[in-house]
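Hello,

Here is the structure for you to open alongside this email. Please have a look, then read on.

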Amino acid sequence: MPEDFRAFLFMENIDEKYMRLALDLARKAKGRTSPNPMVGAVIVKDNEIVGTGYHHKAGTPHAEVHAIADAGDKTKSATIYVSLEPCSHYGRTGPCTEAIIKAGISRVVMAMPDPNPRVDGKAILESHGIEVTTGILEDEARKLNEFFIKYITIGLPFTILKTAMSLDGKIATRSGKSKWITSEDSRRIVHQIRDEVDAIIVGIGTVIADDPSLTTRLPNGNGHNAIKIILDSHARIPLESKVLNLNSTAKTIVVVTPLATEDKIDKIRQKAEVLVVPEKDGRIDIQELMKNLGKMEITSVLIEGGSEVNASAIKSGIVDRVVFFIAPKLFGGREAPGPIGGDGIDDPSEAIRLKDISVTQVGEDILITGTPYFV
């Protein structure tokens with residue numbers, strides 16, 4: 001093997017090693033940085049890590065700034081590994097490119113370019129004589145920040161649709177009972193997802209039937225409570241519902257249409273925010289709702305609705321990922337609901353298919369995830 005090619009492979013392996021650490025650092029802030037991305041940074045000099053950092057939350061210093069501060073006077077002629085292209089504009093904080101240039105760093109290795117069109121960090125760094133390498137573990141970096149990527153490119157939140165059902169495809173018994181279909185192991189994963197998203201969406205039917213609190217409950221007690229969004233086109237929500245009376249830092253938003261009475265809207269406003277969106281076929285126009293949520297800097301939502309909310313979300317094309325928990329139980333019953341209601345399709349060839357499929361056993365349950373697409 002030629003010596004120069006051997007050196008190239010060595011450098012590639014070294015770059016991946018430190019970039020993997022940067023990605024691990026970024027993950028520490030999962031669910032905490034919205035509407036910003038998760039970013040980790042590692043500074044290396046003479047093959048020794050001299051500084052590390054990650055972005056903790058929006059409005060606070062970025063990963064690069066933390067790592068430079070951690071490295072102190074060891075940044076000159078060092079290499080910084082960062083999981084996302086350094087920012088070059090003034091937002092809530094100053095540009096990271098300025099901090100990198102000032103620190104005397106000679107090489108920047110980044111996993112992926114920033115999809116924000118305002119960012120031109122690579123060009124600025126190169127114009128100051130700094131070597132820039134990109135594309136190291138890019139797939140992993142994109143997966144890590146998939147919420148941010150969708151939000152910053154088209155202004156809409158990344159949407160996850162979750163459901164739990166029996167092996168014969170029922171989300172409740174014929175009497176409407178649904179607690180609990182799946183195991184504690186599966187429910188723990190749901191709370192982990194809640195901890196990572198900005199908002200949870202349920203329909204008014206779920207609130208009336210189950211009166212959920214929609215809080216995040218993790219074993220360590222450090223769960224982040226997402227914004228609670230109730231789809232309630234006619235403002236039927238009982239004023240004593242838990243989601244309207246929680247002592248929580250996360251707000252509740254009740255989404256209604258012009259079909260709701262002003263009197264009931266006024267009463268709800270005493271306990272929660274009310275968002276009025278257009279109606280479509282007597283229901284909330286869910287595409288318009290997503291546009292509104294994007295304007296509110298909500299970058300990700302978890303839909304935990306009943307069959308009609310799920311059908312509306314699927315039909316509208318807003319769903320980026322489905323998460324189906326299947327329990328080894330048989331409910332039966334013609335009247336027992338399935339996970340997706342609505343009108344359905346006439347022919348199997350019209351079915352919405354999934355790609356990027358993952359199948360995992362969770363306790364006694366099966367977890368299937370995938371990305372829906374039309375054929």
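Below are notes on the sheet, and then on the helices that go with it.

Please keep in mind that this is a predicted model.

The sheet first. Five strands make up an open sheet, with mixed pairing. Their order is S2-S1-S3-S4-S5. The edges are held by S2 (48-54) and S5 (131-134). Each of these two has a single partner strand, so one side of each has no neighbour in the sheet. From one strand to the next, the twist averages 15°.

Now the helices. H2 lies across S1 (40-45), S2 and S3. Relative to S2, H2 runs at about 140°.

H2 (residues 63-71) also packs with H3 (residues 96-103). The angle is about 25°, and the axes are 9 Å apart. Angles under 35 degrees count as roughly parallel, so H2 is roughly parallel to H3. Their crossing is left-handed.

Which residues make the contact between them? From H2, they are Glu64, Val65 and Ile68. From H3, they are Cys96, Ala99, Ile100 and Ala103. By class, this contact has six nonpolar residues, one charged and no polar.

Best wishes

Technical notes:
Residues numbered from 1 in each chain as written. Predicted model: local features only at pLDDT ≥ 70, side-chain atom pairs only at ≥ 80, totals over all residues. Heavy atoms only, no water. Axes fitted to C-alpha atoms, helices over the stretch in contact; angles between N-to-C directions. Helix = DSSP H or I, 4+ residues; strand = E, 2+ residues; numbered from the N terminus. Parallel < 35°, antiparallel > 145°, perpendicular 65-115°, else oblique. Left-handed = near helix turned anticlockwise from the far one by under 90°. Contact = heavy atoms within 4.5 Å. Nonpolar A, V, L, I, M, F, W, Y, C, P; charged D, E, K, R; others polar. Pairing = 2+ DSSP bridges.
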